[in-house]
Amino acid sequence: MDYFLVLLLAGLGVTLVGGGLIASRLFAPRNPGGVKNEAYECGEETIGSSWVHFNVGYYLFALIFLIFDVEAAFLFPWAVVFRDLGGVAFLEVGIFILVLIVGLIYAWRKGVLEWV
Amino acid sequence: MTFVTISDFIPIVPELILVLTALLVLLVDLVGTQTGYKMTSPLLAIGGLCVAVFAEIQLFGGNRVGFFDTIVADQYSILFEIIYMVTGIITITISWHYIAENNMNFREYYVLMLFSIVGMMLMTSSLDLLMIFIGLEIMSISSYIMVGMMRRVVTANEAALKYLLLGAFSTGFLLYGISLIYGATGSTQLPAIIEHLQQAGAFENPLVGFGLALLIIGVGFKVAIVPFHMWTPDVYTGAPTPVAAFMSAAVKAAGFAILIRIFLTGIPHAERWDNMMWVIAILTMTVGNVMALRQNNIKRMLAYSSIAHAGYVMVAVVVGSEAAITSIIYYSFAYALMGMGAFGVLSIRSNGKTIETYEDLAGYAHAGPTEQVAAVLMSTFMLSLLGLPLTAGFIGKFQIFYAALDEGWFWLTVIAAMNSVISLFYYLRVIVFMYMKERIGAQQEKESQTSVSSLFAITGLLATAAGIVYLGIFPNDFVQLAQLSVTAISF
């Protein structure tokens, strides 16, 4: 019985979305051709092949950003209950940050932080 | 609400030592000069492993638990962890030469290997399915990278991609199995799961059977049992040879360690699907041996032979008695040494050439002083893989067959013994080529030179061969340790 509401919601969702699609299929006028068939609001027409090499630097930057983003996500809850958790938790967070710092030093020395 | 205290960290001291060593190796690599690093990284890694082994020995017998009973340092996990670390030390001794010869100067190699060992250790000492999963992933991700370390080589890339895709796929099975087991039993902790499963009628819930099947698939990929073995030959062939050695030895041992932990300690014998498991055991042995017969590339042959050996271990898994579990532990260690050694000899270059096919081995024993020693070592490893007396391979097979006969698995034992006879051909072929064939084009070659790094590798392999012979002549010490560790896990 508890799941009836879920079922109702799912049914409603399917009806709304499906109904909209079917209605536009039935009633909307369609005149394809010319400018209408070009890439529109989805980016530019490509010049040449899109299978080219591109700089992996974006990826590395994003990765390092992500690591420190996750670090912040872990540090906030810890900071909130800092007094309750006590010394061992402090030690653990210290180890955690230490490992991340070693990672940062590694990336730095390997020249990841320089934009080539 | 209790929190983690300092005493929780005691059972994972060896793991912590290895993590610190890995970070240290990473930092040394950053400050080191171009000439200094070659020695420091491997020696530092070996030093860390030795300290960790020492720490394990101190923990032995303590049965300490930590982290809300998810991590346990019992005799069982400590014994397996020492096996991984010994394997790691041998791998490093043979890696140094390989890295120098093949310009594989990625110093992250040792770091990844240490992390991989940490993953195996966590996986073995864990009593929680989620922790086992995390350990398995630490191990797997490190080994995916190690396989593809030589990124300019096409075969290495192919191997790494295959291993990554199939490995990730099998991880999905494992995780799905864990979630179903959790759904059926309401816990991810092994003692609680086993307690639940031992109640009458627990197996009538289809989720349990389905979940266990998925777990078998997930672990089966890692230990390469048929029909989940397809990746093994390609990956072992494409990977750097020391990495293949490490994978065939340590990763497999780790897989069997959790297989024992999950399946053989608490699940009632009637519910272990004996019919399915013995079919898998027979298939694994037979496919491994028959395919190994047809190979011309020695690394491929060794890969199939490692599948065959996983089959012998599966025989013991089918039997599942305490004697059988003891024999699995013994065999894991024995196979780790033998497989390691065989791949290790292949990683040594002879006359600037890498040995790939049997033809490359022709006249190997007469090519120079290094090769003479290496040929003797290779013969030892081959005879041990074959299971000749006085070697660890013989005692290992003997124990498995004995345990199987003791529980009345007569035909299974007969088939395993017949498989062992098939393997005679391809193991002896290596020895025949090394000693009895003429070297092709020997006139053009200059006298081979012995480098310091190859001496280092030979030393490691000598120790391995000595270990095999020791285990073959005096197996009692290790067997007693193994029995002790079996009593630690049978609850």
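**Notebook: chains A and B**

I read chain A along the sequence and found the pattern α-α-α-α. The structure is a predicted model, in which local features need pLDDT of at least 70, side-chain atom pairs count only at pLDDT 80 or more, and totals for chains, interfaces and linings use all residues. Residues are numbered from 1 along each chain as its sequence is written, while chains are lettered from A and ligands numbered from 1 in the order in which they are written.

**Chain A.** I counted four helices and zero strands in chain A; helices (H or I, at least four residues) and strands (E, at least two) are DSSP runs, numbered from the N terminus. I looked up the radius of gyration, taken over C-alpha atoms, and compared it with the globule rule, 2.2 Å times the number of residues to the power 0.38. The radius for chain A is 26 Å, well over the 13 Å that the rule gives for 116 residues, so chain A is more spread out than a compact globule. The C-alpha trace of chain A spans about 70 × 60 × 15 Å along its principal axes. I noted that 0% of the 116 residues in chain A are buried (20 or more other C-beta atoms within 10 Å of a residue's own, with C-beta atoms placed from the backbone).

**Contact of A with B.** I found eight residues from chain A and eight residues from chain B in the contact (C-beta atoms, placed from the backbone, within 7 Å). On the side of chain A, helix α4 (residues 87–109) gives the largest share, seven residues. That side divides into seven nonpolar, no polar and one charged; Ala, Val, Leu, Ile, Met, Phe, Trp, Tyr, Cys and Pro count as nonpolar, Asp, Glu, Lys and Arg as charged, and the others, Gly among them, as polar.

**Helix α17 of chain B.** I checked the length of α17(B) (residues 452–473): its 22 residues should span 32 Å at 1.5 Å a residue, and its end C-alpha atoms are 32 Å apart, which agrees. The expected span is 1.5 Å times one less than the number of residues. The buried residues of α17(B) include S453(B), A457(B), L461(B) and I468(B). Among the elements covering them I listed α3 (75–101), α13, α14, α15 (392–406) and α18 (476–489) of chain B.

**Helix α11 of chain B.** I found that α11(B) (residues 274–293) reaches 29 Å from its first C-alpha to its last, close to the 28 Å expected for 20 residues. W278(B), M285(B) and N289(B) are among its buried residues. The buried residues of α11(B) pack against α12 (298–319) and α16 (410–436) of chain B.

Definitions and conventions
Contact = placed C-beta atoms within 7 Å. Buried ≥ 20, exposed ≤ 12 C-beta atoms within 10 Å, placed from the backbone.
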